[in-house]
Amino acid sequence: MAKDLSAMRQGRDKISRPTTKSPTAGPVRARKILAILEESYPDARVTLDYKNPFQLLIATILAAQCTDERVNRVTKGLFRRYPTPKAFAAADPTEMEEAIRPTGFYRNKAKSIIGCCKMLVEEYGGKVPRTMEELIRLPGVWRKTANVVLGNAFGVTEGIAVDTHVTRVANRLGLAQSDKQDEIEQQLCGVVPKEKWTLVTHLLIFHGRTICKAQRPDCPCCQIRHLCPWPLRPPDHGSPLLQSLSGE
Ligand code: SF4
């Protein structure tokens with residue numbers, strides 16, 4: 001089956017990158033950034049609801065171009081209705097489409113999920129495989145989904161999951177310079193210690209959701225602004241918080 005979620009799963013923002021490489025770019029700066037983000041977001045984790053690797057796999061496929069909150073609302077009933085890979089594999093495509101419609105791109109997602117579950121049942125005994133090579137054979141599963149499942153459900157570190165938040169924040173921070181997910185993953189793996197590969201995704205996502213937003217990043221209040229070379233960053237004195245603290 002063709003992997004027809006390809007285009008929508010790229011989910012690329014328009015990227016604004018630092019024009020010159022920061023002199024402090026590299027592993028040392030990455031470690032400093034991670035240390036601050038870890039302190040800021042101690043609860044950074046997957047925000048999709050799941051009880052086992054299979055549920056995380058399905059939820060992650062559904063999360064393409066959709067918020068985790070909406071996916072969680074859908075999977076609550078979905079996992080009751082289809083409790084096993086076998087049940088998903090035998091699902092009526094039209095009924096599956098209706099069940100997952102709120103997550104968007106529901107026709108492609110239904111096709112991928114049913115195809116994925118058929119392969120799980122027919123070739124993997126109904127179990128989610130634990131290697132990147134096997135996972136990316138499944139319809140609808142690319143490196144990002146495989147990294148999410150491996151890192152969070154199995155504790156296996158193969159790479160770094162890159163979504164739209166990671167793409168944007170990593171580029172602004174100069175930790176990556178690309179709009180291609182596979183290149184960003186490689187560049188991040190080059191500066192982030194391997195034991196942090198799963199965590200860094202959550203940290204950049206949490207930071208992207210709360211501070212380094214796509215449209216209006218709150219740079220003046222950003223806790224890592226002194227480590228950020230993004231050229232479009234407004235000056236620190238623009239912060240209402242800092243202004244009030246300094247009596248301006
Ligand atoms: S300073 Fe601004 S652009 Fe840089 S990480 Fe913080 S919010 Fe993002």
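Phe206 sits in helix H12 (residues 197–210), where helices (H or I, at least four residues) and strands (E, at least two) are DSSP runs numbered from the N terminus. The model is a predicted one, so local features need pLDDT of at least 70 and side-chain atom pairs count only at pLDDT 80 or more, while totals for chains, interfaces and linings use all residues. Residue numbers start from 1 along each chain as its sequence is written.

Phe206 comes out as buried, with 20 other C-beta atoms within 10 Å. The cut-offs here are 20 or more other C-beta atoms within 10 Å of a residue's own for buried, 12 or fewer for exposed, and anything in between for partly exposed, with C-beta atoms placed from the backbone. Setting aside neighbours within four places in sequence, Phe206 is in contact with Tyr41 and Ala44; a contact means that the two C-beta atoms, placed from the backbone, lie within 7 Å. Asp43 is 163 residues away from Phe206 along the chain, yet their C-alpha atoms are separated by 9.4 Å.

As for the chain, the tally is 13 helices and zero strands. Buried residues account for 38% of its 248 residues. Taking contacts between residues at least 6 apart in sequence, 62% join residues at least 24 apart.

The largest nonpolar core holds 61 residues, and those with the most contacts inside it are Ile61, Ile113, Val149, Ala170, Leu188, Val192 and Val200. H3 gives the most to this core, with seven residues. A core in this sense is a set of buried Ala, Val, Leu, Ile, Met, Phe, Trp, Tyr and Cys residues joined through C-beta atoms within 7 Å. In soluble globular proteins, nonpolar side chains tend to be buried together. Ala170, for one, touches Leu175, Ala176, Ile184, Leu188 and Leu204 once neighbours within four places in sequence are left out.

H3 itself is largely enclosed by the rest of the structure, because eight of its 10 residues are buried. The buried set runs Phe54, Leu56, Leu57, Ile58, Ala59, Thr60, Ile61 and Leu62. Their cover includes H4, helix H5 (85–89), H6, H7 and helix H9 (143–153).

An α-helix has 3.6 residues a turn, so residues three or four places apart point the same way.

Gln65, in the loop between H3 and H4, has a positive phi of about 55° although it is not a glycine. Gln65 counts as partly exposed, with 15 C-beta neighbours inside 10 Å. Phe105, in the loop between H6 and H7, is another non-glycine residue with a positive phi, near 45°. With 19 C-beta neighbours inside 10 Å, Phe105 also counts as partly exposed.

Finally, the ligand is surrounded by 13 residues, the closest being Cys212, Pro217, Cys219, Cys222 and Cys228. Membership of this shell requires a C-beta atom, placed from the backbone, within 6 Å of the molecule. By class, the shell has nine nonpolar, no polar and four charged residues, with Ala, Val, Leu, Ile, Met, Phe, Trp, Tyr, Cys and Pro counted as nonpolar, Asp, Glu, Lys and Arg as charged, and the others, Gly among them, as polar.
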